[in-house]
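Colleague: I'm new to this one. Can you put it up and walk me through it?

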Amino acid sequence: MDKPRLSIIVPVYNVEKYIHAAVDSILNQTFTDFELILIDDGSTDSSGSICDEYAGKDSRVKVIHQNHEGVSGVRNKGIGLAQGELIGFADSDDTMEKTMFREMIQHLDDNNLDIVCTDAFVIRNGIKTFRPRYPNDMIFNHERAVNEILSDTLDNAVWNKVYRRKVIGNIQFPTGRVYEDVATVYKFVNNAERIGYLCKPLYHYIKRKGSITNTSFNIKGRYDCFCGYKERAEFAEQQQLACMHRCVVLALETALSALTVFYAVNESVASDKYQDVTSFIKNHAHPEYVSQLNSKHRVLMYCFLHCIPAYKTYAIISAKWKELLGES
């Protein structure tokens with residue numbers, strides 16, 4: 001049996017309400033030379049059996065059932081199982097336009113790309129928005145692409161891209177962490193020579209209440225996000241990249257966001273997380289960085305350095321407000 005050109009990896013965990021729409025949007029793609037790897041990560045609802053139903057109806061669907069490991073472990077396993085020369089990812093509660101993979105792979109082939117990225121609709125409470133990253137289709141060389149993604153201009157999401165297998169290589173998503181895209185996708189880009197961008201919202205990213213990455217006051221999410229941005233800043237500094245200043249600023253902003261959560265939930269000042277975050281802030285509290293923070297984070301930096309009680313008051317009020325809005 002010939003190997004498929006594209007392998008699509010989808011982590012599945014307790015998404016029985018959404019998985020039909022997600023899988024249908026993949027199986028209905030106008031590009032058909034793919035395998036769909038559904039990895040049921042220990043679901044306790046009917047998600048696993050729904051996956052099996054799809055496998056029984058479409059030979060392109062492969063299903064793996066396993067004990068719960070988290071998204072990173074699932075993606076790492078999927079990469080190891082993938083047969084395609086190209087690899088894509090999707091989330092099991094999102095959808096996509098039926099032409100997405102055809103358009104992306106055509107752009108990749110026409111321009112000899114190693115990675116191709118499309119844009120996305122963001123859907124929150126049924127409202128669909130699209131803010132393009134760039135005004136038109138783009139092709140980046142290696143140096144510019146690395147600087148663009150580390151600067152957060154080219155987005156960090158893993159699910160709106162197609163990768164040649166060689167750029168993934170032996171890179172692993174960090175297990176046990178959320179915001180794993182932040183800590184990983186830039187490494188794929190660093191292994192690529194040519195990267196393309198399509199100015200089309202072909203992926204539908206659905207923000208749902210309750211998920212860790214869409215919850216503001218979650219210690220693990222905020223801290224894991226900071227860890228990813230700190231690693232990126234360290235990488236940029238080691239490589240002496242043009243974006244290294246910007247990377248420190250982004251890491252500072254995520255550190256201050258994490259600290260806000262710590263103050264809101266009264267995290268112990270002796271905890272490793274608290275010490276890690278506050279040490280980074282203190283070590284980078286220089287005018288060259290602070291002046292580039294957005295206005296909110298400049299105020300928070302001032303409070304951290306000069307008036308922690310004011311910072312704690314802000315954190316508690318902010319958490320209560322988010323709770324009233326259902327976003328905490």
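Colleague: Which residues have the most contacts inside the largest nonpolar core?
Modeller: L36 and L150, in a core of 105 residues. A nonpolar core is a set of buried Ala, Val, Leu, Ile, Met, Phe, Trp, Tyr and Cys residues joined through side-chain atoms within 4.5 Å. Buried means under 20% relative accessible area with a 1.4 Å probe, protein chains only. Helix α9 gives the most to this core, with twelve residues.

Colleague: Before we go on, what sort of model is it?
Modeller: This is a predicted model, where local features need pLDDT of at least 70 and side-chain atom pairs count only at pLDDT 80 or more, while totals for chains, interfaces and linings use all residues. Residues are numbered from 1 along each chain as its sequence is written, and side-chain values use heavy atoms, with hydrogens and water left out.

Colleague: What does L150 touch?
Modeller: Leaving out residues up to four places away in sequence, L150 touches Y186, R232, F235, A236, L241, C243, C247 and L250. Contact means heavy atoms within 4.5 Å.

Colleague: How do α8 and α9 sit against each other?
Modeller: The axes of α8 and α9 (residues 244-265) come within 8 Å and cross at roughly 160 degrees. α8 is therefore roughly antiparallel to α9, a label for angles over 145 degrees. Helices here are DSSP runs (H or I, at least four residues), numbered from the N terminus. Axes are lines fitted to C-alpha atoms over the stretch in contact, with angles from 0 to 180 degrees between N-to-C directions.

Colleague: What kinds of residues make that contact of α8 with α9?
Modeller: They divide into 17 nonpolar, two polar and four charged. Ala, Val, Leu, Ile, Met, Phe, Trp, Tyr, Cys and Pro count as nonpolar, Asp, Glu, Lys and Arg as charged, and the others, Gly among them, as polar.

Colleague: And α8 with α10, at what angle do they cross?
Modeller: Roughly 45 degrees, with the axes of α8 (residues 219-239) and α10 (residues 272-283) coming within 11 Å. α8 and α10 are therefore oblique to each other. From α8 the contact uses I219, Y223, F226 and K230, and from α10 K273, D276, V277 and F280. Five of these residues are nonpolar, none polar and three charged.

Colleague: Different spot. Where does E267 lie?
Modeller: In the loop between α9 and α10. E267 touches I219, F262, K273 and Y274, not counting residues up to four places away in sequence.

Colleague: How many residues apart are E267 and I219 in sequence?
Modeller: E267 and I219 are 48 residues apart in sequence, and their C-alpha atoms are 8.8 Å apart in space.

Terms used: Helices (H or I, at least four residues) and strands (E, at least two) are DSSP runs, numbered from the N terminus. Angles under 35 degrees count as roughly parallel, over 145 as roughly antiparallel, 65 to 115 as roughly perpendicular and the rest as oblique. Buried means under 20% relative accessible area, exposed over 50%, partly exposed in between (1.4 Å probe, protein chains only).
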